[in-house]
Amino acid sequence: MRYLRVALARIAGIFTRNRADDDLREEMQAHLEMETAEYIRRGMHPDEARRQALVASGGLTQATEAVRAQRGLPWLQSTGADVRYALRTLRRSPAFTSVVVITLGLGIGANTAIFSVLRGVLLKPLPHREGDRLVYLRHSIGGPGGDNVLFSVPEVRDFRDGARSLGGIAEYSPFSFTLRGEEDAVRVRAGLVTGNFFDVMGLSPVRGRVTRAADDGVGVPPVMVLTHDFWRKRFGGDSTIVGKQVRMEGKSVTVIGVLEPAPYFPDRVDAFLNMVISEHHTSAMMVQGRTHRMTEMIARLVPGATLEQARAEVAAVHARITTEFREAYDPGSNYRVAVIPFREALGARAQLTLWLLMGAAAFVMIIAAANVANLTLMRGVRREPELVARAALGAGPPRLRRLLLAENLILSLMGAFLGVVVARGGVGLLISLAERYSARANEISLDLVALGFTLGLSLTLALLLSFTVSLPREGAFASLISAGGRRTSGSLRKQRLQRGLVVAQISVSVVLLAGAGLLTRTMLQLSQVQTGLRTEEVLTMEVPLLELAAAFVPGADAAAKERYGRMLREVRALPGVLDVGLGSPVPLRRSQVRFDVKAEGKALATGEAMPSAELRTANPEYFRAAGIPLLRGRPFASTDERGSAPVVIINRTLAERYFLNVDPVGKRIAWTGDVLRFTPISDEWRTVVGVVGDTQDGGLDASPGPVVFMPFTQMLAIGGGLVIRADSNVARLTPVVMRVVRGIAPTALIENVMTVAQIKDQSVSPRRLNAVLISLFGALALIIAAVGIAGVLAFSVSARTNEIGIRMSLGADRGRVQRMILREGGVLLASGLVLGIAGAFFATRLIRGLLFGVEPHDPVTLIAVAGLMTAIGIVACWIPAVRAARIDPAITMRSP
Amino acid sequence: MADKLDVKQGTLALMVLKTLDVLGPLHGYGIARRIEETSRNRLSLNYGTLYPALLKLEQEGCIKGEWRPSENNRRAKFYSLTASGRKQLAREAREWHETAELIAAFLAPRRGTP
């Protein structure tokens with residue numbers, strides 16, 4: 001009750017301040033006069049009496065302050081004043097303010113943006129029910145491209161029967177369809193799944209239902225579950241979608257539900273269907289072919305089972321089947337199965353890049369904070385006279401501390417505000433980056449936790465900074481004032497702290513620059529990789545006319561080929577077109593079809609892996625149009641048609657594999673393997689008629705694998721693509737060619753319309769984005785570090801003005817003074833460089849996986865980085881050194 | 001001068017209340033004089049100690065001040081005890097006595113300890 005009363009009285013006190021001050025002055029004046037009168041009454045001289053009374057009062061100003069502190073809410077009131085003072089002070093030093101705010105803003109912004117992505121992609125809880133129990137099984141073999149060879153249905157069956165700790169095993173197989181709408185056709189990326197898929201994944205529908213066991217097998221109607229994104233984009237979030245029919249692959253499919261938003265795994269897909277939609281997936285080849293691997297396995301651990309248990313059981317099953325079915329697991333290929341926690345599998349590719357960016361951003365934050373700390377420390381020392389003056393006017397240490405705190409808080413908040421602006425832009429940019437790596441990019445948003453974190457960080461920084469500046473000690477004012485208020489020293493200890501911070505900045509910058517340099521070199525190396533095509537003036541587009549489902553309808557294949565023939569003729573007639581080829585897939589795209597391949601008269605050594613090759617198709621003009629060099633033999637001819645002798649063209653890699661030192665032309669090869677039984681492709685011997693150069697079909701950073709080309713005419717016309725070469729500026733042909741194709745096939749799907757330059761760029765761009773981002777961080781770090789060195793030296797010079805003046809009047813010339821300051825900076829620079837290079841040695845090893853064509857310890861990069869840092873560092877030292885040399889001893893010594 | 005005591009925290013309020021109880025309405029100077037005299041000049045009150053304490057008592061409602069002409073015809077603020085101030089004085093005086101007795105008992109030379 002009493003406290004409440006006091007509180008109310010205090011609040012009231014805020015508003016009656018002026019009158020209360022007047023009253024108090026009068027009250028104390030009366031007190032003083034009464035006391036004076038008393039002293040006079042005792043016989044003192046009036047002047048002496050007044051003096052004694054004043055002494056006894058203990059200071060009217062101090063008393064007024066003490067009463068004011070009791071009267072209102074002094075903390076609140078003086079905070080207002082502090083903020084006003086702080087704003088005024090900051091306005092008066094715009095350079096300091098903007099450097100600090102921009103530095104903090106960039107640091108906070110970069111950190112928030114990247115942490116948002118990191119959280120969205122790697123750290124956020126999964127929507128999957130008990131997602132911690134989900135595991136992903138990965139089947140790998142040795143050699144390039146063998147990271148993930150998927151499973152065959154018989155293998156899935158073995159694991160389902162043999163691994164008891166896996167409560168449910170769901171199958172998933174990627175497929176793509178053409179979805180016919182009213183007017184257009186779109187490519188739908190879909191996952192064909194078993195009925196238990198959603199149950200195992202722990203995902204629920206937001207509308208309708210998901211698949212169930214009754215949807216498995218043949219003889220059931222095809223059903224489709226839409227992903228949340230696709231439902232919104234393609235169907236506008238149609239609330240009556242459930243139960244509707246859509247046409248795909250010539251079949252009618254019922255939409256049974258819409259899935260809740262969830263990360264895309266294993267692939268980014270638009271919809272999930274049951275297996276019955278694809279004749280292939282219910283065929284004997286799929287169901288019985290042990291080496292026909294195109295199924296992903298996701299499993300759920302039974303309650304109580306551990307990851308280790310699952311791993312042991314999976315290993316046991318794998319060991320059993322590899323001995324039981326020797327022919328399906330040639331020992332040279334080193335088949336193995338890994339059991340990976342789902343969360344890890346989900347973020348696997350994103351992890352390294354994101355942690356790299358997070359690390360870089362954290363580094364920038366560290367040096368930004370160091371810079372802010374340094375600037376504030378120096379400013380604190382420069383402000384000593386001002387603080388002394390404030391103290392002399394009655395501001396106690398807590399009050400001064402609060403003033404500093406207000407300034408630093410305002411700076412931090414301004415920095416944080418700028419940071420939010422930067423982060424908003426950054427998140428947008430990073431989402432496009434993350435989409436390449438992660439299934440969870442759709443979950444990224446500017447993260448409030450991240451924002452809170454960085455805000456907290458900046459507030460902590462503000463607090464720390466406010467307490468690193470030492471305040472004039474109470475009682476020491478007099479000596480400080482009499483020192484003339486011009487004493488800018490900064491103790492040795494403090495300078496040591498500043499220097500340490502500068503060394504840290506330099507070394508961190510060096511680490512960042514080394515990373516940036518390596519990634520830039522990676523990008524350059526990659527863009528210099530030859531695609532294998534002689535020219536970039538090539539336009540490619542995929543125009544699949546024949547759907548797999550309709551491929552065996554009598555006449556369909558011939559009709560498709562006739563339409564392709566018309567397209568080729570009409571496109572070739574266009575002005576500017578040099579050559580037009582037809583084949584599948586188009587150059588620089590990986591073929592989805594690969595089989596084992598053998599050569600006549602070549603036996604495998606024991607333990608040697610059976611080579612497999614990509615199957616591609618081409619018409620006679622394909623190689624010329626694409627600019628793929630013919631190394632030996634001849635291209636396909638129009639006489640290589642259905643019914644004539646089977647011929648193939650192989651690429652250089654396959655030629656070197658099988659026909660080292662002999663001319664492959666005229667030799668015979670054949671497809672081989674169990675799987676062929678289920679395909680329309682025969683295992684007859686085929687004569688090699690030509691050898692062509694390798695092309696980078698798997699991206700610029702993948703080494704080319706063996707390829708066998710077969711004549712387009714000898715194959716079903718599935719997945720045809722046009723290859724168009726022009727004399728110059730091939731991109732301008734795009735609309736004309738599209739018009740021609742549309743004229744012949746009005747509703748056909750036209751996909752991946754890209755020039756070779758664009759395909760190449762697509763392969764380089766993720767690396768380029770890495771390089772650009774890290775280089776930006778590096779540049780930022782460099783600038784901040786340069787400001788740091790220059791600032792510390794400038795401060796050192798201004799603190800030593802007197803000393804330098806004395807040196808010069810004793811005969812030191814300008815050059816000597818300049819060298820002295822340069823030496824001071826040089827020591828900092830050298831220490832930073834040494835530490836930085838050492839740090840880079842460790843740090844760059846962590847990003848080995850992101851590099852291409854360059855070693856983590858690439859000496860060229862490290863030397864270049866050291867050179868750049870030294871150059872910038874020397875420039876940063878030069879400015880204060882020159883200023884020191886301009887000191888006029890006469891003026892310096894005369895001033896107090 | 002040198003051996004003057006500082007006023008202990010919390011005791012000043014009690015002294016002010018008692019002074020007003022004994023002498024009736026009084027201005028700040030009078031209160032200070034009375035306390036100094038009662039302490040036989042061992043305590044000295046500067047304004048920075050006295051006036052915040054008076055303000056606090058006023059805020060707590062123990063005393064109230066009003067402007068009146070002083071003995072030498074100057075306007076001065078006279079403080080007087082309120083009803084709740086009287087209660088407060090009684091309570092604090094009792095507590096103080098108890099504490100003092102307790103401390104005295106503690107500090108008394110110990111005799112006949114077993």
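What follows is a chat about a predicted model with chains A and B.

Visitor: Before we start, what are the ground rules for numbering and confidence here?
Guide: Residues are numbered from 1 along each chain as its sequence is written, while chains are lettered from A and ligands numbered from 1 in the order in which they are written. The model is predicted, with local features needing pLDDT of at least 70 and side-chain atom pairs counting only at pLDDT 80 or more, though totals for chains, interfaces and linings use all residues.

Visitor: OK. How many helices and strands are in chain A?
Guide: Chain A has 26 helices and 21 strands. Those are DSSP runs numbered from the N terminus, helices being H or I with at least four residues and strands E with at least two.

Visitor: And what share of chain A is buried?
Guide: Of its 896 residues, 42% are buried. A residue is buried if 20 or more other C-beta atoms lie within 10 Å of its own, exposed if 12 or fewer, and partly exposed in between, with C-beta atoms placed from the backbone.

Visitor: What about chain B, then?
Guide: Chain B comes to four helices and three strands, in the order α-β-α-α-β-β-α along the sequence. Buried residues are 30% of its 114.

Visitor: How many residues are in contact between the two chains?
Guide: On chain A 26 residues are in contact with 20 residues of chain B. Contact here means C-beta atoms, placed from the backbone, within 7 Å.

Visitor: Which element of chain A gives the most to that side?
Guide: H2(A) does, with 10 residues. The elements that give two or more are helices H1 (2–15), H2 (17–41), H3 (46–57) and H4 (60–71) of chain A.

Visitor: Switching topic: which residues have the most contacts inside the largest nonpolar core?
Guide: A:Val364, A:Ala781 and A:Ile789, in a core of 107 residues. A nonpolar core is a set of buried Ala, Val, Leu, Ile, Met, Phe, Trp, Tyr and Cys residues joined through C-beta atoms within 7 Å.

Visitor: What does A:Val364 touch?
Guide: Leaving aside neighbours within four places in sequence, A:Val364 is in contact with A:Leu106, A:Gly107, A:Ala110, A:Phe777, A:Leu780 and A:Ala781.

Visitor: Now strand S16 of chain A. Is it enclosed or open?
Guide: Largely enclosed by the rest of the structure, because five of its five residues are buried. On one side sit A:Val647, A:Ile649 and A:Asn651, and on the other A:Val648 and A:Ile650.

Visitor: Which strands does S16(A) pair with?
Guide: Five bridges join S16(A) to S18 (residues 686–692) of chain A, running parallel, and two bridges join S16(A) to S19 (residues 707–711) of chain A, running antiparallel. Strands pair if DSSP finds at least two bridges between them. A:Ile649 has A:Gly690 as its bridge partner in S18(A), and A:Ile650 has A:Val708 in S19(A).

Visitor: Where is A:Pro635 found?
Guide: A:Pro635 is in the loop between S15 (630–633) and S16 (647–651) of chain A.

Visitor: Why does A:Pro635 count as buried?
Guide: Because A:Pro635 has 21 C-beta neighbours inside 10 Å. Its contacts beyond four places in sequence include A:Phe623 and A:Gly690.
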